[in-house]
Amino acid sequence: MATLIAAKDSSPIEDAEAIKKACKGLGTDETALVSILAHRNEAQRKLARLAYEEIYHQDLIQQLKSELSGNFERAICYWTMGPAERDAALINEALKKATPDYKVIIEITCTRTSEELLAVKRSYQSLYKHCLEEDVASQTIVISTYRYEGNEFDESMAHSEANTLHQLIEKKAFNDDEIIRILSTRSKEQLCVTFNTFRNIYGTTITKGLFASPTDDDEYLGAMRTIIRCIKNPQRYLAKVLWQAMSDLATEDDVLSRVIITRAEKDLNEINDLYFKRNNVTVHDSVARKTWGNYKTLLLALLGNSNN
């Protein structure tokens, strides 16, 4: 369930004019920007952005980037983007780091539907004139827009593939094509049944077998564990990611805003419930204590009511 509290009625033209007014003069009225954009859903933001470009002949994102700075600028720009454009930009940003941030790429590719991923690939191609699969190929990340999204599963296949995965893990054949094939082509429902079957047969979780010895590629195995956790229970995984970010905002501030921004219109309420069960504090209260300024105001607005 989403946490965003969007305005029931909004005028794209009035929003565009109010945003332009907030950007005029010597200082930008960041409070006004939050009061508008943080209370608009995806469709409303898209219409406001289109109206802004039509009236002022400038892209709203570029306007915001020229007026703002720091974590507030980054957060409100990503929020204003459409989901596919935002995901494409986040992946590109992750790939451009000195050490590519595979966890961001996995988080996006393993928590989106096949239809959403197809839109991300198209947006990535349009924005960067590159093929997404080719750019992440060296990271051995599972990107598939062909996963079946239904709830059906095959128990005999789950049993067979649980055995296959166990045999390969026992042999430490972590790079075997069969592991990649199973993780990249099976539906998420089928994989969850396979993971549960693995645990029932062997008395341990599949992720526990994916820890490195001194001779293994720890980064690669870390990526594999992240893929499995994102597929098994993305909300629980993201609740843990949020907690880790809260514990080290000096270096993980981008993680905090990314999770809140990308999930506010999806399942942030469920993530908050899991966060509370794990830490006995809500995401809202953690953000209220550990962030500041209009960046804090923006994130709290996206989190909705404090009782969520």
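This is a predicted model: local features need pLDDT of at least 70, side-chain atom pairs count only at pLDDT 80 or more; totals for chains, interfaces and linings use all residues.
**Helix packing and core**

Helix α15 (residues 249-263) and helix α18 (residues 293-303) have axes that come within 10 Å and cross at roughly 35 degrees. The crossing of α15 past α18 is left-handed. On the α15 side the contact is made by Asp253, Leu256, Ser257, Ile260 and Ile261, which meet Tyr295, Leu299, Leu302 and Leu303 of α18. By class, the residues of this contact comprise seven nonpolar, one polar and one charged.

The largest nonpolar core has 89 residues, and those with the most contacts inside it are Ile91, Leu256, Ile260, Val287 and Leu302. Helix α13 (residues 218-232) supplies the largest share of this core, eight residues. Leu256 and Ile260 of α15 and Leu302 of α18 also belong to the helix contact described above. Leaving aside residues up to four places away in sequence, Val287 touches Met246, Leu256, Ile260, Lys296, Leu299, Leu300 and Leu303.

**Salt bridges**

The model contains 15 salt bridges.

| Arg112 | Asp87 | 2.8 Å |

In the salt bridge of Arg112 with Asp87, Arg112 lies in the loop between α7 (102-111) and α8 (114-128) and Asp87 in helix α6 (residues 83-96), so the pair ties together parts that are 25 residues apart in sequence. Arg112 is buried, with a relative accessible area of 4%, and Asp87 is likewise buried at 4% relative accessibility.

Lys266 counts as partly exposed at 30% relative accessibility, as does Glu116 at 30%.

In the remaining tabulated pair, Lys97 is partly exposed with a relative accessible area of 40%, and Asp101 is partly exposed with 23%. Separately, a network of salt bridges links Glu161, Glu178, Arg181 and Arg186.

**Backbone features**

Most residues other than glycine have a negative phi. His57, although not a glycine, has a positive phi of about 55 degrees. His57 lies in the loop between α3 (42-56) and α4 (60-67) and counts as exposed, at 71% relative accessibility. Lys172, also not a glycine, has a positive phi of about 60 degrees. Lys172 is found in the loop between α10 (155-170) and α11 (177-185), and its relative accessibility of 44% makes Lys172 partly exposed.

Terms used:
Residues are numbered from 1 along each chain as its sequence is written. Side-chain values use heavy atoms; hydrogens and water are left out. Axes are lines fitted to C-alpha atoms, for helices over the stretch in contact, and angles run from 0 to 180 degrees between N-to-C directions. Helices (H or I, at least four residues) and strands (E, at least two) are DSSP runs, numbered from the N terminus. A crossing is left-handed if the near helix is turned anticlockwise from the far one by less than a right angle, and right-handed if clockwise. Contact means heavy atoms within 4.5 Å. Ala, Val, Leu, Ile, Met, Phe, Trp, Tyr, Cys and Pro count as nonpolar, Asp, Glu, Lys and Arg as charged, and the others, Gly among them, as polar. Buried means under 20% relative accessible area, exposed over 50%, partly exposed in between (1.4 Å probe, protein chains only). A nonpolar core is a set of buried Ala, Val, Leu, Ile, Met, Phe, Trp, Tyr and Cys residues joined through side-chain atoms within 4.5 Å. A salt bridge is a side-chain nitrogen of Lys or Arg within 4 Å of a carboxyl oxygen of Asp or Glu.
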